[in-house]
Amino acid sequence: MYHKSSLYSCFFLYIGEDVKPFTPEKTKEIVMSLQQPAVFCNMVGDWPALHWNAKYLSAVLDGKMIQFRLGLKTVDLVPQFETRCSYVMATLEEFLAWSCGQPSCLSGPFSCYEYSKYWAYADYKYIARIFEDKPEIFQDIRWSDFGFPGRSGKESTLWIGSEGANTPCHLDSYGCNLVLQVQGRKRWHLFPPGDTSFLYPTRIPYEESSVFSKVNVANPDLKRFPEFRNTTAHVVTLSPGQVLLVPRHWWHYVESIDPITVSINSWIELDADHEARVEEAITRMLVCAIKSAENPSDGDLWLNPTEVEATSHEINLQYLNKAVSEYFKCQKARVSEQACSSSTGAEQRTSVSCKRKKREVGCEPEGYRLLTHEFGFSTFKAEKLQKIPFGPHLIQVLPQSQETSLMGAVASDTRNLHEDEGGHFGKLHSTRKQLVMSNDCETPAHQVDSDSSPNASQTALSTNDLLDCLVNPHVINLVARLLLERTRV
């Protein structure tokens, strides 16, 4: 654990505007090998995107309407999933007027929501889409400094929120995540992949590539979810100019702790993404088939707002076959790459030859058994960890008992948290689906609990209870590997 003076230097230590503490090649090596969260410092001081505060973006967007998600600031035992929120279309100017307490005539649709009771979040906005008429702005974001040449704002998403805005605890099925904090501070509560069973994973509400936790980690119901006590929370407060690396399959709950926050992120493709897509295809097929077979219920909003509709069994089967085909295509490419590498003495190189949304274990040679590779991979990662250059420019995100505090920011909350296919946009969705807006002021969209059903009072187990078992990440992973073994033969 580093002394606080070292942590403060993360902010105050600059070694020249054009000089970075790590070369792009070294930074990429860290990103692709590090399996624990960490914060990069002094890497983006010359990025024009650091000027992207909400006021600046409001002027650039010049009255353009964007969607905001609104949730209650009260902390319930149940997570505020997107299906439980209200939605409005508004301008950033109206958002800023509302957050600053200006007259309701200036805050437009936000005037229906009392600022003291609600938070607002313009989350998961693709920069390529909202600035499609200003493509030059993409170059304000330079992920090439992290070893990904050509990656800019076009492959990034924008998040703008008010104090209290949060993302329910979840893990992303694909890749790893780089997050730049631009304005205000956000507190991240991260849990390692090994804590998955303690976080009670669920696919209801269903969203491609997102596995949600049933636990509201800000106010856990330990009577209902007792295993949550066994989690190991890693907590960090991210401040402007810092970049957080969220490794593959790390759970995260994110909350805005300043009046206005602006963040930019990009999901980095990793070598296990093809296998993950097979798992997602299986999950989608099961969820859609079983939930579509239920009697319709207005209260059971099982699809996340990001999903327009339940796709048909035929379409889901096509997607599964395509995912399997792409997996084996990558396998063959990997075999060819290794053959070439061995002839040049470059067997240990870390770059990848196949593009995927996000990674886990890599594209193993075709003869490599899917069910027996994890131990060797973990050992390799442990060895790589010894070479990670932690210091003032790369700070480990520590377990909560050794909570990471950057720039002297308060890193623990008084609540005492326990803590596309056709697109290059990180998650599978090539478009962010629009949700039908709620017309009633201060009336969040209704949702039943993620494990309830229309007949919950009449039966001991619900459809969602069954689904939680069938599409548990561990079960789906095993099914996917058995399926790939069958297809290989």
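**Close-up 1. The side chains of strand β8 point two ways.** In this predicted model, Lys186, Trp188 and Leu190 point one way from β8. Arg187, His189 and Phe191 point the other way. All of these residues are buried. Buried here means under 20% relative accessible area.

**Close-up 2. Strand β8 pairs with β11 and β13.** Strands of a sheet pair through backbone hydrogen bonds, either parallel or antiparallel. β8 and β11 (residues 234-238) run antiparallel and are joined by 5 bridges. β8 and β13 (residues 251-256) also run antiparallel, with 6 bridges between them. Follow tryptophan 188 across both pairings. Its bridge partner in β11 is valine 236, and in β13 tryptophan 188 stands opposite valine 254. Leucine 190 has histidine 252 as its bridge partner in β13.

**Close-up 3. Six strands form an open sheet.** The order is β9-β10-β6-β13-β8-β11, and the pairing is antiparallel. Which strands stand at the edges? They are β9 (201-207) and β11. Each has a single partner strand, so one side of each is left without a neighbour in the sheet. From one strand to the next, the twist averages 35 degrees.

**Close-up 4. The largest cavity.** Rolling a probe the size of a water molecule over the atoms shows where empty space is left. The largest cavity holds about 260 Å³ of space. Its lining has 24 residues, and those closest to the centre are Tyr124, Trp159, Thr167, His170 and Trp267. Which strand gives the largest share of the lining? That strand is β6, with 4 residues. At least two lining residues each come from β4 (118-126), β6 (166-172), β7 (176-183), β8, β10 (210-213), β13 and β14 (260-268). By type, the lining of the largest cavity divides into 9 nonpolar, 7 polar and 8 charged residues.

Close-up 5. Cysteine 85 has a relative accessible area of 0% and is buried. Cysteine 105 is exposed, with a relative accessible area of 66%. The cut-offs are under 20% for buried and over 50% for exposed. A disulfide is a covalent bond between the sulfur atoms of two cysteines. How many disulfides does the structure hold? The count is 0.

How values were computed
Residues are numbered from 1 along each chain as its sequence is written. This is a predicted model: local features need pLDDT of at least 70, side-chain atom pairs count only at pLDDT 80 or more; totals for chains, interfaces and linings use all residues. Side-chain values use heavy atoms; hydrogens and water are left out. Buried means under 20% relative accessible area, exposed over 50%, partly exposed in between (1.4 Å probe, protein chains only). Two strands pair if DSSP finds at least two bridges between them. A disulfide is a pair of cysteine sulfur atoms within 2.5 Å. On a 1 Å grid over the protein atoms alone, a cavity is a set of points where a 1.4 Å probe fits but cannot get out, and a pocket is an open set with protein on both sides within 12 Å along at least five of seven lines; lining residues have an atom within 4 Å of a point. Grid points are joined across faces, edges and corners, and a volume is the space filled by probe spheres set on the points. Ala, Val, Leu, Ile, Met, Phe, Trp, Tyr, Cys and Pro count as nonpolar, Asp, Glu, Lys and Arg as charged, and the others, Gly among them, as polar. Axes are lines fitted to C-alpha atoms, for helices over the stretch in contact, and angles run from 0 to 180 degrees between N-to-C directions.
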